[in-house]
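Dear colleague,

Please find the structure below, handed over for your files.

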Amino acid sequence: MELWTTAVASARGAARTAQEIEAAGWEGMLVVDSQNLSGDPYVSLALAATVTTRIGLGTGVTNSVTRHAAATATAITSVNRISNGRAVLGIGRGDSALAHLGRAPARLAQFERYLRQLQLYLAGDSVAFDDIDIPADVAPPLSALHLHDAPPASRIGWIAEGLKGGPKGSGKVPVEVAASGPKVIAMAALHAERIMFTLGADTERLAWGIALAKKTRKDAGLDPDAIAFGAYVNLGCHSNVAAARGLVRGGLTTFARFSVMHGKANGPVSTGDAAVLEALRSNYDMRKHTQGDSRQAGTLTDDFVDRFAIVGSPDRCIERLGSLKS
């Protein structure tokens with residue numbers, strides 16, 4: 001089991017933060033992608049790559065709306081080259097990045113289409129022009145230019161060339177999908193190298209997600225064991241459990257909300273926890289996203305925090321992490 005940690009994308013602070021994370025023994029660093037709230041993730045990851053030698057570097061997470069799939073593939077593969085193969089592309093349907101553009105998360109059909117295109121670009125393959133959803137009223141088809149010659153499809157040539165046997169760091173960047181609902185878990189099972197569950201630290205809920213992913217792959221004729229699993233978990237380590245809860249309460253509101261964002265709680269959930277999730281959803285203030293003193297943070301009961309997060313003494317946290325590993 002690998003343990004990664006998440007940081008804010010900051011052009012000024014990324015290098016220093018990455019060095020501290022590597023020195024502390026973490027396996028990797030993820031940076032958020034929320035253009036209205038933080039800096040550019042790929043600039044931050046590139047800077048982090050230049051001052052570290054071991055830790056993995058990735059987005060936690062980008063989305064399928066604010067960048068074209070070709071732009072995302074180029075950006076993360078550039079980080080992969082700089083870091084000698086340490087990059088990973090974490091992606092979800094979007095939350096704060098889209099909320100600050102006046103939009104809800106991407107529709108399921110668009111998200112799946114984007115994942116398929118992204119994997120083609122990252123593998124050095126082509127995406128048909130007809131499959132690229134740039135509206136004609138924004139940019140007309142290339143045929144309108146009456147060129148003597150033109151590319152037959154969309155392909156990132158330098159990625160394709162690097163995959164033929166270039167230097168270290170030229171391999172394909174793995175994709176991991178942040179998922180909480182059954183439909184996104186199923187999509188991730190078919191289109192990603194890893195599923196990163198946003199189901200909290202509850203082992204029953206994580207077991208449900210893993211079983212669903214493996215069944216989806218088996219039903220599609222794919223090896224159910226040929227995919228990796230991970231989880232976004234809020235962890236607060238402190239000898240005073242009340243203080244530990246306070247450390248995670250703000251961040252936990254963000255991840256817990258994913259399980260009830262569209263009105264119905266995903267996965268196994270008790271009646272009491274379902275009521276907490278509904279209160280969280282109806283009280284969520286995006287202007288205080290991730291903040292511990294927010295209105296939504298006040299809706300989380302101590303019992304809920306203790307189940308959905310990992311809080312308490314070092315020994316208690318290690319015990320809970322061991323359960324997740326199992």
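Helix α1 (residues 14-23) packs against helix α2 (residues 41-51) at an angle of about 50°, their axes lying 8 Å apart. Axes here are lines fitted to C-alpha atoms, for helices over the stretch in contact, with angles running from 0 to 180 degrees between N-to-C directions. That angle makes α1 oblique to α2; angles under 35 degrees count as roughly parallel, over 145 as roughly antiparallel, 65 to 115 as roughly perpendicular and the rest as oblique. The crossing of the two helices is right-handed, a term for the near helix being turned clockwise from the far one by less than a right angle. Ala14, Ala15, Ala18 and Gln19 of α1 make the contact with Ser44, Leu47, Ala48 and Val51 of α2, contact meaning heavy atoms within 4.5 Å.

The model is predicted: local features need pLDDT of at least 70 and side-chain atom pairs count only at pLDDT 80 or more, while totals for chains, interfaces and linings use all residues. Residues are numbered from 1 along each chain as its sequence is written, and side-chain values use heavy atoms, leaving out hydrogens and water. Helices (H or I, at least four residues) and strands (E, at least two) are DSSP runs, numbered from the N terminus.

In helix α7 (residues 182-191), the buried residues are Val184, Ile185, Met187, Ala188, Ala189 and His191; buried means under 20% relative accessible area (1.4 Å probe, protein chains only). Their cover includes α5 (108-122), β6 (175-179), β7 (194-197) and α8 (203-219). With α8, the axis of α7 comes within 8 Å and crosses at roughly 50°. That makes α7 oblique to α8, and the crossing is right-handed. Pro182, Ile185, Ala186, Ala189 and Leu190 of α7 meet Trp208, Gly209, Leu212, Ala213, Thr216 and Arg217 of α8.

The largest nonpolar core has 47 residues, and Ile195 is among those with the most contacts inside it. Such a core is a set of buried Ala, Val, Leu, Ile, Met, Phe, Trp, Tyr and Cys residues joined through side-chain atoms within 4.5 Å. Leaving aside residues up to four places away in sequence, Ile195 touches, among others, Val177, Ile185, Ala189, Ala213 and Phe229. A second, separate core of 16 residues includes Ala244, Ala256, Leu300 and Ala309.

Finally, Arg257 is found in helix α9 (residues 241-258) and is buried, with a relative accessible area of 12%. Residues up to four places away in sequence not counted, Arg257 touches Asp95, Leu280, Tyr284 and Met286.

Yours sincerely

Definitions and conventions: Buried < 20%, exposed > 50% of the residue type's maximum accessible area, 1.4 Å probe, protein only.
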